Amino acid sequence: REGLIDDPPAIPKGSRGANETGYIRDDFRPELDALRGGVGKGRDWIAGFEARERERTGIPTLKIRFHPVHGYGIEITKTHLGRVPEDYERKQTLANAERFTTEELRGVEQGVKGGTEQAASLEREIFEELRQAVVSRATAIREAAGVVATLDAVAALAEVGRRDNWVRPIVDDGVMLEIRGGRHPVVEPLLTQSGGEFVPNDADLDSSANQILVLTGPNMSGKSTYLRQVALTVLLAQMGSFVPAESARVGIVDRVFTRVGASDRLARGESTFMVEMRETAEILANATRRSLVILDEIGRGTSTFDGLSIAWAVAEYLHDAPGLGARTLFATHYHELADLARTKARVANAHFEAKEWGDEVIFMRRLKAGAANRSYGIQVARLAGLPQSVIERAREILANLESGELDDRGRPRIAGASDGDDSQGDQLGLFAGAGAVVGLARAQPSDGADTEASLSPIEREILTRLAEIDPNQTTPIEALQLLCELDARMREARESET
C-alpha cells in the first residue's frame, strides 16, 4: 500500500505497452525518483527549446510536436520553410508542414526516452515485489479482510438498530414465532423518509397451535409486506441482529421457504404457473416442523377452480402431513380458504383492514383476526388508471356474478348485455314463461302460492304434466315423446294468442 499511489489507474497513465508508469508513489524508491527527475528536466528543456527556436528563427508558428513513432520534431508550416536554419535536419513530411530535428534536440529526446523506459522497467520491478509480498501474506490478508467485513456488517446493523429502535429478540429451541409490533426493516425507513408512517403488526405462529395463518384482504393492503417482514425478522434474529419490533421470540428455524412473486423460465419451456408449481413442490418435499413457509397467492396462473383446489390441497398437506407442521403464512385472494379454519385445528384467519369512502378505498394496514369478505380489486384497478368505461363494466359484471350465476331464463349472468339487449336469440324456447316455471320448481313453500298465481293456464298444465313423471320409470323414447307433446302445446298456445 505504501508503494502504490492512492488511486492507481486500471491502465496506468503513459501506458505504451512495456512503458507503463505512474502507479508507484513518489519518494518510495530514490533511483526511481532520480529517473523521473531526469525525464522531467528533459521535458522542461524541450518546452523551453520551442520558445528559444521561435526567437532564433523568427518563425512565429514554430512548434515542438511529439509522435509515438518518430518522437519529438520541430514543426514548421510550408509558408515559412524559407526561414529554416541550416542546422535543421528534415525528419517528417506532412501535408501542410515539415518536421525537423537538431543534434541537441535529438540528444535530449534520447535521454527522455531512455529515462522513461528505465523508469517503467523499475516500476514493474517494484510492483512485482509488492505483488509477491502480498501473495506471501495472502492467508493473513484474507483473515483480516474477513474480520473487517464482519465488523462492518455488525457495525451497520448496530447503527440501523439504534437509529430505528430495534430490540434484542429471544431465540430459543421452541416452535413459537411471536412478534409484537413488527415492522419491515427496509420499507419502514423508506416510508418515513417520504413523510409516511409505517403501521406495525403482530405475528403469532406455533407448530402445535396456530400453525397456518391464512391472510386475506384487499390488494395493496399490506399482505406481501407482512409476509416479508416476518421472514426478515426471523433471518435477522438468527444471525444475531436486533430486529424491528417491540419484542420478538423466535423458535429456531432451519430454513425459510418462499413462494412469492411471478416469474417464468420460457427458455426452459416453463410458464409462470409451472415455475410456481415447481417452487411449491420443492417446499412440500423439503419443509420440516422447524421451517418457516411463506406462500403468496398459490394457484393464480390457472383457472379459478383449479387454483382454489390446489391452494386448498397445499394448505391441507402442510397441516396434515405426518411430522410436518411447518409454521406457515398463506396470503390469498381465494376467500374460500378461510373455511379451512372450520375443519383444521391449527389454521387461523386474519385479514388486513380497509374502509370504503364513496368510491374510494382506504387501506388501514392493520392486521385483524378473521377473514376478509372483499378484495377491492376494481378500486385498485381504478387507482392504477384503467379507463372509466372498463371500471364501470367490471362493476356491472361483478354485480352479475355476486347476484347469482344464472338469470331467470337460465342464461349466465356474467354475459348480461350492458346495452339493454334482452333478446333470446333465434332458438325457440320450450316455454314462453320458462323463467317462471323454473322459478316455481325451485321455489320454497313460502313463496310457491305467489309464483303459481303468476303462471298462465298452459304453464300450469305443463308443470302438472312434469310433476306426474317418474324419471326412474320413464324410458328415453317416452321422455322424447313427452317433450314433443309439450312443445306442440306451447306452439298451439302461442298461435292462438297471435
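User: How are two packed helices described?

Analyst: Two packed helices are described by the angle between their axes and by the distance between the axes. In this predicted model, helix α1 (residues 30-57) and helix α2 (residues 103-136) cross at roughly 150°, and their axes come within 9 Å. Angles over 145 degrees count as roughly antiparallel, so α1 is roughly antiparallel to α2. The crossing of these two helices is left-handed.

User: Which residues of α1 and α2 make the contact?

Analyst: On the α1 side, they include Leu-32, Leu-35, Val-39, Trp-45, Ile-46 and Phe-49. On the α2 side, among them are Leu-105, Val-108, Val-112, Ala-119, Leu-122 and Ile-126. Charged residues take part too, including Glu-31, Arg-36 and Arg-43 of α1 and Glu-104 and Glu-123 of α2. The contact of α1 with α2 divides into 12 nonpolar, 4 polar and 5 charged residues.

User: At what angle do α6 and α7 pack, and how far apart are their axes?

Analyst: Helix α6 (residues 272-286) packs against helix α7 (residues 304-320) at an angle of about 15°, with the axes 11 Å apart. Angles under 35 degrees count as roughly parallel, and α6 and α7 are therefore roughly parallel to each other. Here α6 passes α7 in a left-handed crossing. Phe-273, Met-277, Thr-280 and Leu-284 in α6 meet Ile-310, Val-314, Tyr-317 and Leu-318 in α7. By type, the residues of this contact are 7 nonpolar, 1 polar and no charged.

User: Is Met-220 buried or exposed?

Analyst: Met-220 has a relative accessible area of 54%. The cut-off for exposed is over 50%, so Met-220 is exposed. Arg-365 counts as partly exposed, because its relative accessibility is 34%.

User: Where does Arg-259 lie, and what does it touch?

Analyst: Arg-259 lies in strand β10 (residues 256-259). With 2% relative accessibility, Arg-259 counts as buried, since buried means under 20%. Leaving out residues up to four places away in sequence, Arg-259 touches Glu-276, Glu-279, Asp-296 and Glu-297, among others. Its contacts also include Thr-280, Ile-283 and Leu-295. Thr-280 is also one of the α6 residues that meet α7.

User: Which residues of the largest nonpolar core touch the most other members?

Analyst: The largest nonpolar core has 26 residues, and Leu-177, Leu-213, Leu-215, Tyr-226, Leu-292 and Leu-329 touch the most other members. Several elements supply at least two residues each, including β6 (176-182), β8, β11 (292-296) and β12 (327-331). The largest share, 7 residues, comes from α5.

User: What does Tyr-226 touch?

Analyst: Not counting residues up to four places away in sequence, Tyr-226 touches Asn-201, Asp-202, Ala-203, Leu-213, Leu-215, Leu-329, Phe-352 and Leu-367. A second, separate core has 23 residues, with Val-214, Leu-295, Ile-298 and Leu-308 among them.

Technical notes:
Residues numbered from 1 in each chain as written. Predicted model: local features only at pLDDT ≥ 70, side-chain atom pairs only at ≥ 80, totals over all residues. Heavy atoms only, no water. Axes fitted to C-alpha atoms, helices over the stretch in contact; angles between N-to-C directions. Helix = DSSP H or I, 4+ residues; strand = E, 2+ residues; numbered from the N terminus. Parallel < 35°, antiparallel > 145°, perpendicular 65-115°, else oblique. Left-handed = near helix turned anticlockwise from the far one by under 90°. Contact = heavy atoms within 4.5 Å. Buried < 20%, exposed > 50% of the residue type's maximum accessible area, 1.4 Å probe, protein only. Core = buried A, V, L, I, M, F, W, Y, C linked by side-chain atoms within 4.5 Å.
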